[in-house]
Structures are given as C-alpha cells and as structure tokens.
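Here are my notes after a pass through the model you sent.

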Amino acid sequence: QEELQALELSEYQRRVATHPTDLSLWYSLGKAQQVAGNLDEAIGAFQKAVKDPKTRLDSLTRLGTCFFNKGLYDLAEKQLSAALEETTPSTDRGKSVLYNLGLIAEKAERSQNAFDYFSRIYEVDIHYRDVAERIDALRG
C-alpha cells in the first residue's frame with residue numbers, strides 16, 4: 001500500500017512538472033500529498049487547484065482539513081466557510097463541511113458557534129456521525 005502511494009505521488013509530481021497549468025493535476029497531487037502526510041505540500045497544491053471551478057469545492061474542503069490537522073484553526077475555518085458558501089447542508093459534502101466547522105468551533109471553545117453548526121446538520125440528518133451526541137453535550 002505504501003509503495004503504491006509513493007508511486008502515485010511521484011507520478012503526479014511528474015505530471016505536474018510536465019503540465020504545470022493543469023489545475024486538475026494539482027488537485028490530484030494535493031490529494032496524494034495529503035494521503036502521504038505531507039500537509040504543507042498538499043496545501044500548496046490545493047491552493048493552486050482552487051482556481052479550477054471543477055475542483056474548487058473539494059480543494060477548499062481539503063485545504064480546510066489540512067489546516068485543521070496542522071492546528072491552524074482560523075485558516076481552516078476560513079477555507080471551510082468559503083466551501084460552505086458553495087454547497088448546501090442537505091448534501092453529504094455540506095454536512096461534512098458543517099461538521100468540520102463545528103469541530104473547529106469546539107477547539108476554539110466557541111460552544112454557541114459549534115452548536116449552531118451541528119444544529120444545521122441535525123435539522124436535515126439526525127443520524128449524521130455523532131452530531132446528536134454533540135448537540136446533547138453542548139446543550140448540557
């Protein structure tokens with residue numbers, strides 16, 4: 001599995017070097033870098049890929065995840081908020097973005113904001129992940 005990931009990563013690096021203006025390749029490279037745990041490299045690739053309308057939403061979401069994993073919660077929130085503007089809470093992607101925004105608000109000890117994000121998910125899908133438990137914990 002690790003060999004396959006390393007091979008995929010080197011292939012996307014080669015392709016991006018050959019076709020640096022192909023933003024979908026930058027997105028694929030970012031995903032490979034993220035899977036490999038190379039968050040800084042993934043962030044750089046996703047920052048280029050957000051310019052492609054086809055990969056913008058996924059790139060914003062993955063950027064937010066990378067920043068969150070680095071502990072840069074304010075940057076993660078900014079990217080995920082931008083992603084939220086381009087989706088709706090009733091979709092799986094929208095619920096995922098809201099959930100991650102809720103996690104960020106919890107980390108920042110902004111309980112009301114976390115409650116608001118999780119409530120938006122709860123309104124459309126009571127069984128999404130552990131959102132019902134989080135709502136109960138934040139209310140109590």
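**Notes on the model**

1. Let me start with R129, which is partly exposed, at a relative accessible area of 48%. Bear in mind that this is a predicted model. R129 is found in the loop between α7 and α8, and its phi is near 40°, a positive value in a residue other than glycine.

2. The whole structure has four aromatic pairs. One of them is Y99 with Y128, an edge-to-face pair with 6.0 Å between centres and 70° between the planes. The two tyrosines come from distant parts of the chain, 29 residues apart: Y99 sits in helix α6 (residues 92-107), and Y128 in the loop between α7 (111-124) and α8 (131-139). Y99 is buried at 6% relative accessible area, and Y128 is buried as well, at 11%. Ring pairs also bring in F118, so that Y99, F118 and Y128 are linked into a cluster.

3. Another charge over a ring is worth a click: the charged end of K48 sits over the ring of W26, 5.0 Å from its centre.

4. How does the length of α6 hold up? At 1.5 Å a residue, its 16 residues should span 22 Å, and the end C-alpha atoms are 23 Å apart, which agrees. The helix is mostly covered, with 12 of its 16 residues buried. Among the buried ones are G94, K95, S96, V97 and N100. The cover over these buried residues includes α4 (56-69), α5 (73-84), α7 and α8.

5. Y117 and L98 are 19 residues apart in sequence, yet their C-alpha atoms are 5.5 Å apart in space. Leaving aside neighbours within four places in sequence, Y117 is in contact with E77, L98, L101, G102 and A105.

6. Just after α6, E109 takes a positive phi of about 60°.

7. Which charged residue is buried yet has no salt bridge? That is D52, whose nearest side chain of opposite charge, K54, is 5.0 Å away. The cut-off for a salt bridge is 4 Å between a side-chain nitrogen and a carboxyl oxygen. D52 is found in the loop between α3 (39-49) and α4. Not counting residues up to four places away in sequence, D52 touches L23 and S24.

8. On the salt bridges themselves, the count comes to 10. A local one is R15 with E11, where the closest N and O atoms are 3.0 Å apart. These two are four residues apart in helix α1 (residues 2-18), so about one helical turn separates them. R15 is partly exposed at 34% relative accessible area, and E11 is also partly exposed, at 26%.

9. Two further salt bridges reach across the sequence. The side chains of D40 and K70 meet at 2.6 Å, N to O. That pair links distant parts of the chain, 30 residues apart, with D40 in helix α3 and K70 in the loop between α4 and α5. D40 is partly exposed at 48% relative accessible area, and K70 is partly exposed at 38%. The other is E106 with R134, at 2.5 Å, N to O. E106 lies in helix α6 and R134 in helix α8, so this pair ties together parts that are 28 residues apart in sequence. E106 counts as partly exposed, at 27% relative accessibility. As for networks, salt bridges that share partners join E11, R14 and R15 into one.

Terms used
Residues numbered from 1 in each chain as written. Predicted model: local features only at pLDDT ≥ 70, side-chain atom pairs only at ≥ 80, totals over all residues. Heavy atoms only, no water. Phe/Tyr/Trp six-rings, centres within 6.5 Å; stacked < 30°, edge-to-face > 60°. Buried < 20%, exposed > 50% of the residue type's maximum accessible area, 1.4 Å probe, protein only. Lys NZ or Arg CZ within 6 Å of the ring centre and 35° of its normal. Expected span 1.5 Å × (residues − 1). Contact = heavy atoms within 4.5 Å. Lys, Arg positive; Asp, Glu negative; His and termini not counted.
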